[in-house]
Amino acid sequence: MCASLHRTARSIFTHFLSPRHRYSCSSTPFHLIYSKPIIQFTKKMSISALSATEAAKLIETSKRLAAFQAVKDYLLPIYTHIGIGSGSTVVYVVEAIAALGPSVTSGMTFYPTGAQSEELIEAAGLNLQYINKLPPNKFLDVAFDGADEVDGELNLIKGGGACLWQEKIVATAAKQFVCVADFRKLSERLGTSWTKGIPIEVLPMAAPRVLGELKAMGSLEPKIRPGLPGKAGAIVTDNGLWIIDAPFKPLRLNGEESKEGEWKVDELADRLIKIPGIAEIGLFYGKNGLQAQGGGAQKPIAAYFGMADGSVEVKKA
Ligand SMILES: O=C(CO)[C@H](O)[C@H](O)COP(=O)(O)O
């Protein structure tokens, strides 16, 4: 999935960084060009009233707005080590970073979460390095990544693009993790809008037993993610593993009371990660960078949402 995502991502990216586009932006700050939604969307309108093309444009514009704002707020010129996540929203994060120009970015090194972000970094002419080259006593200054859903406590579901393991490694290597998304990802509870399930990276030989375990825990129809349309059989991650998508009833916030048949985010995550054969889970939970002080945190310190009306909503930890 990461490999196929990167092709789409690269074509969007290349389009917006084409010489014609760069030239037309030469006298106007790049982010201002995209500071207005293509469609004039008001709070009274519903996205379902738009045509598929209009809705897609609105979503892309929202992602770009959030990305430019997040980069403006959290990429300080003094930073040297930066994590770059995966997905279609991250394309705009890299676009926003590249738009700052070599005078700002030449002293920075960028660490990808997979094949897609590696190509994005290279295509933008930014310095690339792999996370295994970061000394263990050093942390990334900041990491930017997307999400599939974000709840009221900034717990995340990630892994829609099947890169969740590397994404977690890069996020936890950062002093501060910043999430960038569009309005569809903003939720009260995980599992409300992202109903496909929590992505779980598994060892193929353990998949049948893990599926059985998930069902016993109350997951409704957990499934091995297919590789179709690009590949017959299961999707294979950058690590040669499979993904199981495990839907659960919407997860209760950690600050809420437990209720019969409903898991709290931290309780479910702690239980899942202990199942033999599970390499990593797409729940980003526990501490954020402010609480962890010095890396190891999975939750973002801030989440930026491009809204349908052209504003950017920022939720801070
Ligand atoms: O976790 C991810 C990939 O594994 C992505 O960050 C997540 O799926 C969001 O992707 P997009 O920005 O395309 O909506």
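Two residues are in contact if their C-beta atoms, placed from the backbone, lie within 7 Å. The views below show a predicted model.

**View 1. Helices H4 and H5 cross in a right-handed sense.**
Helix H4 spans residues 52-74 and helix H5 spans residues 88-98; their axes come within 8 Å and cross at roughly 45°. H4 is therefore oblique to H5. On the H4 side, the residues that meet H5 are Lys-63, Arg-64, Ala-67, Phe-68, Ala-70 and Val-71. Their counterparts in H5 are Ser-88, Thr-89, Tyr-92, Val-93, Ala-96 and Ile-97. Sorted by class, the contact of H4 with H5 holds eight nonpolar, two polar and two charged residues.

The protein chain is divided into domain 1, made up of residues 2-188 and 286-316, and domain 2, residues 198-282.

**View 2. Strands S5, S6 and S12 form an open, antiparallel sheet.**
The three strands lie in the order S5-S6-S12. Strand S5 (149-150) and strand S12 (283-284) are the edge strands, each pairing on one side only. Strand S6, residues 156-157, is joined to S12 by two bridges, and these two strands run antiparallel. Within this pairing, Ile-157 has Leu-283 in S12 as its bridge partner.

**View 3. Four strands build an open sheet with antiparallel pairing.**
The order of the strands is S9-S10-S8-S11. The edges are formed by strand S9 (223-224) and strand S11 (278-281), each of which pairs on one side only. Two bridges link S9 to strand S10 (residues 242-246) in the antiparallel sense. Here Ile-224 stands opposite Ile-244 in S10.

**View 4. Helix H9 packs on the sheet that contains S8, S9, S10 and S11.**
Helix H9 covers residues 207-216 and touches strand S8 (198-202) as well as S9, S10 and S11. The direction of H9 makes about 15° with that of S10.

Conventions: Residues are numbered from 1 along each chain as its sequence is written. This is a predicted model: local features need pLDDT of at least 70, side-chain atom pairs count only at pLDDT 80 or more; totals for chains, interfaces and linings use all residues. Axes are lines fitted to C-alpha atoms, for helices over the stretch in contact, and angles run from 0 to 180 degrees between N-to-C directions. Angles under 35 degrees count as roughly parallel, over 145 as roughly antiparallel, 65 to 115 as roughly perpendicular and the rest as oblique. A crossing is left-handed if the near helix is turned anticlockwise from the far one by less than a right angle, and right-handed if clockwise. Ala, Val, Leu, Ile, Met, Phe, Trp, Tyr, Cys and Pro count as nonpolar, Asp, Glu, Lys and Arg as charged, and the others, Gly among them, as polar. Two strands pair if DSSP finds at least two bridges between them. Domain bounds come from an automatic or database domain assignment.
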